[in-house]
Amino acid sequence: MTEAVATATPAPGRAPEDTVRPALRPRTVVALFAGLSLLFGTVFALMVPSAWGPDEHTHFKRAYQVSQGGFAPQRLPDDGPYPVYGGAVPATAQEFMAEHAGAPRSKERNSDPLYVATEERARALAAPLAGEHVLTSFSNTAAYSPVPYLPAALGARIATAAELDVGTAWTLMRMLQVLAYTGVAAVGLWALRGTRFLWVGFCVALLPTALYQSAVISADSVTNAVVLTFTALVLRATVLDRSGAPLTRTELGIVLASAIALPLMKPTYVILSLLLLAVPLRKYPLPRRRDGRPAAASLVLTGCLLLTLLGFAGWMSLAAGTTEAMGALRGPEERHTVRPDDQLAFVLSEPVAVLGIAARTILTADWDYAAGFVGQMGYGPGRTIDGPFVGAVCWLVAVGAAFFHGPRGVASRRVAAWFAGVLLLNVAAIFGTLYLSFAPVESGIVNGVQGRYFVPLALLLLGALVPLVHARFPATPAGLRRVDTTILVLVPLSAVLAVAGYATVVHITGHYALP
């Protein structure tokens, strides 16, 4: 299982990977990831009560709509001033979600478990998924493209054909998402073979929040995996490139396909496609002209970016009306306060005030974002459920050890600055989208942003730091083996603690202690 380890000690100023082979083969590291991802994804899929993931009931509805061929958003008949989007779902599933979706908003005794199994819930889950359909609204998820829902939609299709009950269908849809996340993310990790940055990708792919998101029905599971794989391949061809060898044709196909899929995962991720501009054309495994110019590579890159922009523009045109419907998420009393057109006019006319709003949001909510990034697992009464602090520390120590015992950057600071600019622009797009579509007009803070939204950007952040942070810890072969062992202990431990924390809050005791 292990490769021969060189006996030479790294020379001063040289990165560990220059003289030392990894203690584990890359395929072993990827296999370990796959096993851990499937294990913890399955645990979460079975342990999280059905419809208790973040907005999981509306994601279920959208996935079911996709399974029936409903790709574009469907506007429902309404008599009010605001549009409503949704579609048809089985009446049995709608009855279950209407009564049992989401964690309780309040509890009589705070020391009681959040989840208590009842006969009514069991009967609702045992009802067949097939049968009469009813129209229901899900304006927030109607805005998503069908692409990230394909695994869950396949599960819904199989469940309908096999006449499974609601509970079994829900579990099947979750498990197919776990499989999809694991498979796609494994491709991204394999792209990092040959460099110790593979361990950084290992840590990011097993982030407790990512494991939880892979196990509940949502658009985030496949999105996280696709962005990780795209980012890994871009980093492999730029800041981690030591050999100068081009990408394989398979890798080129994957990175281009991922770029085209980005705006169909979430529209804000179209910005990440700009990372392709940092990849040297010599990395494309395509023939050159006689004068040495990479004409074929230039055409392929241009075509890819055009398809990406067309995909973005096409989906935005289809889903444009859903923005006007997002105010429904704030309830009937505040629905009228969300007016995207008026909000956009305010943003354009008061840029200084908008900068103040951005600063106020970060300064008052950054701890919430940090906690949600490492271990956010659904909702409890009045707040999110976050994993244990000890588990977060375990993960942070592991990813720090992987980064500081990893490769030195070979790209110029100009490339690193480009990566940083794309990253910051994407973060700004996340805040801007929520401010325009969810916050009341001229609100003094950006509402709705959660730490889990930044999980897909983690690998890009660490990759952009590689050529900028020169501090590395050269180590002997034995020292690097100890680092690898530390990572292999702490990363699963952080997941175990996340599972234990969720089980304690939801199934054993309450979210808050008694006063």
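**View A. Helix H8 within the predicted model.** Nine of the nine residues of helix H8 (residues 197–205) are buried, so the helix is largely enclosed by the rest of the structure. The buried residues are Phe197, Leu198, Trp199, Val200, Gly201, Phe202, Cys203, Val204 and Ala205. Buried denotes under 20% relative accessible area, exposed over 50%, and partly exposed the range in between (1.4 Å probe, protein chains only). Helices (H or I, at least four residues) are DSSP runs numbered from the N terminus. The model is predicted: local features need pLDDT of at least 70, side-chain atom pairs count only at pLDDT 80 or more, and totals for chains, interfaces and linings use all residues. Residues are numbered from 1 along each chain as its sequence is written, and side-chain values use heavy atoms, with hydrogens and water left out.

**View B. Helix H10.** Helix H10 (residues 220–237) has 18 residues and spans 26 Å from its first C-alpha to its last, close to the 26 Å expected at 1.5 Å a residue. The expected span is 1.5 Å times one less than the number of residues. Because 17 of the 18 residues of H10 are buried, the helix is largely enclosed by the rest of the structure.

**View C. The salt-bridge network of Arg193, Arg236 and Glu251.** These three residues, Arg193, Arg236 and Glu251, are linked in a network of salt bridges, each defined by a side-chain nitrogen of Lys or Arg within 4 Å of a carboxyl oxygen of Asp or Glu. The side chains of Glu251 and Arg193 meet at 3.1 Å, N to O. Glu251 lies in helix H11 and Arg193 in the loop between helix H7 (166–191) and H8, so the pair ties together parts that are 58 residues apart in sequence. Glu251 is buried, with a relative accessible area of 6%, whereas Arg193 is partly exposed at 24% relative accessibility. Glu251 also forms a salt bridge with Arg236, with the closest N and O atoms 2.7 Å apart. This pair links Glu251 in helix H11 to Arg236 in helix H10, 15 residues apart.

**View D. The salt bridge of Lys283 and Asp241.** The closest N and O atoms of Lys283 and Asp241 are 3.1 Å apart. Lys283 is in the loop between H11 and H12 and Asp241 in the loop between H10 and H11, 42 residues apart. Both Lys283 and Asp241 are buried. A search of the whole structure finds nine salt bridges.

**View E. The nonpolar cores.** Of the 116 residues in the largest nonpolar core, Phe33, Phe44, Leu272, Leu276, Phe419 and Tyr502 touch the most other members. Helix H18 (residues 477–508) contributes the largest share of this core, 11 residues. A second, separate core of 24 residues includes Leu125, Ala152, Ala153 and Ala156. A nonpolar core is a set of buried Ala, Val, Leu, Ile, Met, Phe, Trp, Tyr and Cys residues joined through side-chain atoms within 4.5 Å.

**View F. Positive phi at Asp55 and Glu442.** Most residues other than glycine have a negative phi. Phi of Asp55 is near 55°, and Glu442 has a positive phi of about 65°. Asp55 is found in the loop between helix H1 (26–47) and helix H2 (56–67), and is partly exposed at 30% relative accessibility. Glu442 lies in the loop between helix H16 (413–437) and helix H17 (458–465), and is exposed, with a relative accessible area of 52%.

Terms used: Helices (H or I, at least four residues) and strands (E, at least two) are DSSP runs, numbered from the N terminus.
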